[in-house]
Amino acid sequence: MIIELNPPLSAGPLHLDMTGDEVIAVMRQFGEPEVLCRAAGERPEWGVSDSNGLFLRADFGPDDRVSAVEIGRPTEPVVTVTYDGLDIFQTAASELVEALSRKTWTVEKENGHSFIAPDLLLALWRPTIPEGLDDADGKYFESVLMARPGYYEQA
(Lines give C-alpha, C1' and ligand atoms only; values in the text may rest on other atoms or scores of the structure.)
Protein backbone atom coordinates (compact mmCIF):
# COMPACT_ATOMS: atom_id res chain seq x y z
CA MET A 1 0.00 0.00 0.00
CA ILE A 2 1.19 3.53 -0.78
CA ILE A 3 0.04 6.52 1.22
CA GLU A 4 0.74 9.64 -0.81
CA LEU A 5 0.99 12.93 1.05
CA ASN A 6 -0.78 15.59 -0.98
CA PRO A 7 -0.74 18.78 1.10
CA PRO A 8 -2.99 20.54 1.83
CA LEU A 9 -5.58 18.01 0.70
CA SER A 10 -4.88 14.49 1.88
CA ALA A 11 -2.62 11.88 3.41
CA GLY A 12 -3.73 8.79 1.55
CA PRO A 13 -7.33 8.07 2.50
CA LEU A 14 -7.42 10.74 5.23
CA HIS A 15 -8.44 14.14 3.94
CA LEU A 16 -7.93 17.40 5.73
CA ASP A 17 -11.29 18.93 6.63
CA MET A 18 -12.92 15.49 7.23
CA THR A 19 -15.37 15.21 10.09
CA GLY A 20 -14.82 12.85 13.01
CA ASP A 21 -17.31 10.32 11.65
CA GLU A 22 -15.55 10.31 8.28
CA VAL A 23 -12.16 9.80 9.97
CA ILE A 24 -13.46 6.88 12.03
CA ALA A 25 -14.84 5.19 8.90
CA VAL A 26 -11.46 5.47 7.15
CA MET A 27 -9.47 4.39 10.20
CA ARG A 28 -11.58 1.25 10.59
CA GLN A 29 -9.88 0.00 7.42
CA PHE A 30 -6.65 -0.18 9.48
CA GLY A 31 -7.93 -1.34 12.87
CA GLU A 32 -10.04 -0.14 15.78
CA PRO A 33 -9.78 3.67 16.14
CA GLU A 34 -9.07 5.06 19.59
CA VAL A 35 -9.76 8.48 21.06
CA LEU A 36 -6.54 10.24 21.97
CA CYS A 37 -6.56 13.33 24.13
CA ARG A 38 -3.33 15.03 25.17
CA ALA A 39 -4.62 17.32 27.93
CA ALA A 40 -7.81 18.41 29.59
CA GLY A 41 -9.68 20.94 27.50
CA GLU A 42 -8.09 19.93 24.20
CA ARG A 43 -10.12 18.49 21.35
CA PRO A 44 -9.94 14.70 21.17
CA GLU A 45 -7.84 13.19 18.43
CA TRP A 46 -8.41 9.86 16.72
CA GLY A 47 -5.65 7.33 16.22
CA VAL A 48 -5.25 3.79 14.92
CA SER A 49 -2.42 1.28 14.57
CA ASP A 50 -2.50 -1.57 12.11
CA SER A 51 -0.91 -5.02 12.30
CA ASN A 52 2.17 -3.73 10.42
CA GLY A 53 2.86 -1.05 13.03
CA LEU A 54 1.56 1.81 10.89
CA PHE A 55 0.11 4.55 13.10
CA LEU A 56 -2.36 7.18 11.89
CA ARG A 57 -3.53 10.15 13.96
CA ALA A 58 -6.04 12.86 13.06
CA ASP A 59 -5.92 16.20 14.85
CA PHE A 60 -9.01 18.43 14.75
CA GLY A 61 -9.18 22.22 14.53
CA PRO A 62 -11.63 24.63 16.15
CA ASP A 63 -14.11 23.87 13.35
CA ASP A 64 -14.12 20.15 14.36
CA ARG A 65 -12.57 19.16 11.04
CA VAL A 66 -9.21 17.48 10.50
CA SER A 67 -6.43 20.05 10.68
CA ALA A 68 -3.48 17.64 10.63
CA VAL A 69 -2.67 13.99 9.97
CA GLU A 70 0.30 12.28 11.57
CA ILE A 71 1.67 9.01 10.23
CA GLY A 72 4.03 6.87 12.28
CA ARG A 73 6.62 4.67 10.61
CA PRO A 74 5.35 1.11 10.15
CA THR A 75 7.48 -1.69 11.62
CA GLU A 76 6.91 -3.77 8.49
CA PRO A 77 7.71 -2.19 5.11
CA VAL A 78 4.40 -3.17 3.49
CA VAL A 79 3.20 0.44 3.64
CA THR A 80 5.09 3.19 1.83
CA VAL A 81 4.51 6.84 2.68
CA THR A 82 5.56 9.23 -0.07
CA TYR A 83 5.67 12.92 -0.85
CA ASP A 84 6.48 14.09 -4.38
CA GLY A 85 8.19 10.78 -5.17
CA LEU A 86 10.23 10.72 -1.94
CA ASP A 87 9.83 7.72 0.37
CA ILE A 88 9.44 9.44 3.74
CA PHE A 89 10.47 6.48 5.91
CA GLN A 90 13.01 4.72 3.66
CA THR A 91 15.03 7.81 2.69
CA ALA A 92 17.75 8.76 5.17
CA ALA A 93 16.72 11.80 7.22
CA SER A 94 19.66 13.87 6.01
CA GLU A 95 18.83 13.11 2.36
CA LEU A 96 15.13 13.79 2.89
CA VAL A 97 15.78 17.17 4.51
CA GLU A 98 18.19 18.04 1.71
CA ALA A 99 15.60 17.13 -0.93
CA LEU A 100 12.89 19.15 0.81
CA SER A 101 15.29 22.08 1.22
CA ARG A 102 15.76 22.15 -2.54
CA LYS A 103 12.00 22.74 -2.86
CA THR A 104 11.53 25.24 -0.04
CA TRP A 105 12.96 26.39 3.26
CA THR A 106 13.07 24.04 6.22
CA VAL A 107 13.37 24.79 9.91
CA GLU A 108 15.39 22.55 12.22
CA LYS A 109 13.81 22.07 15.65
CA GLU A 110 14.72 20.15 18.80
CA ASN A 111 18.45 20.04 17.92
CA GLY A 112 17.80 18.05 14.74
CA HIS A 113 15.12 15.74 16.08
CA SER A 114 12.50 17.46 13.95
CA PHE A 115 12.30 19.52 10.79
CA ILE A 116 9.40 21.59 9.51
CA ALA A 117 8.81 22.63 5.90
CA PRO A 118 6.04 25.18 6.58
CA ASP A 119 5.38 26.01 2.92
CA LEU A 120 4.93 22.30 2.18
CA LEU A 121 2.81 21.88 5.33
CA LEU A 122 5.03 18.99 6.47
CA ALA A 123 6.87 18.21 9.71
CA LEU A 124 9.22 15.27 10.30
CA TRP A 125 10.37 13.77 13.62
CA ARG A 126 12.85 11.21 14.93
CA PRO A 127 13.58 10.28 18.55
CA THR A 128 17.37 10.24 18.27
CA ILE A 129 20.15 11.73 16.17
CA PRO A 130 22.77 9.41 14.64
CA GLU A 131 26.14 9.71 16.37
CA GLY A 132 28.02 8.88 13.16
CA LEU A 133 27.63 7.71 9.59
CA ASP A 134 27.39 4.06 10.66
CA ASP A 135 24.84 4.70 13.43
CA ALA A 136 21.41 3.40 12.39
CA ASP A 137 19.60 5.01 15.36
CA GLY A 138 17.91 8.16 14.12
CA LYS A 139 19.00 7.65 10.53
CA TYR A 140 15.35 7.68 9.41
CA PHE A 141 12.38 9.74 10.51
CA GLU A 142 9.79 7.97 12.64
CA SER A 143 6.80 10.19 11.91
CA VAL A 144 5.51 12.78 9.48
CA LEU A 145 2.80 15.32 10.10
CA MET A 146 0.88 16.98 7.28
CA ALA A 147 -1.28 19.96 8.15
CA ARG A 148 -3.62 22.44 6.59
CA PRO A 149 -2.49 26.05 6.07
CA GLY A 150 -2.17 28.01 9.31
CA TYR A 151 -1.53 24.94 11.50
CA TYR A 152 2.13 25.72 12.21
CA GLU A 153 1.35 29.31 13.15
CA GLN A 154 -1.02 27.97 15.84
CA ALA A 155 1.46 25.47 17.28
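User: Where is Leu121 found?
Analyst: Leu121 sits in the loop between E11 and E12. Strands (E, at least two residues) and helices (H or I, at least four) are DSSP runs, numbered from the N terminus. This is a predicted model, where local features need pLDDT of at least 70, side-chain atom pairs count only at pLDDT 80 or more, and totals for chains, interfaces and linings use all residues. Residues are numbered from 1 along each chain as its sequence is written, and side-chain values use heavy atoms, with hydrogens and water left out.

User: Is Leu121 buried or exposed?
Analyst: Leu121 is buried, at 10% relative accessible area. Buried means under 20%, exposed over 50%, and partly exposed in between (1.4 Å probe, protein chains only).

User: What about its phi?
Analyst: Leu121 has a positive phi of about 65 degrees, though it isn't a glycine. Most residues other than glycine have a negative phi. Asn111 also isn't a glycine and has a positive phi, about 55 degrees. Asn111 counts as exposed, with 72% relative accessibility.

User: OK, new topic. Which residues of helix H2 are buried?
Analyst: In H2 (residues 93-103), those are Ala93, Leu96, Val97, Ala99 and Leu100. They're on the same side of H2, because they cover an arc of only 160 degrees around the axis. That arc is taken from the directions from the helix axis to the C-beta atoms.

User: And what do they pack against?
Analyst: The buried residues of H2 pack against strands E8 (80-83), E9 (86-87), E11 (114-117) and E12 (122-125). Contact here means heavy atoms within 4.5 Å.

User: Which exposed residues are on the face turned away?
Analyst: Ser94, Glu95 and Arg102 are on that face of H2.
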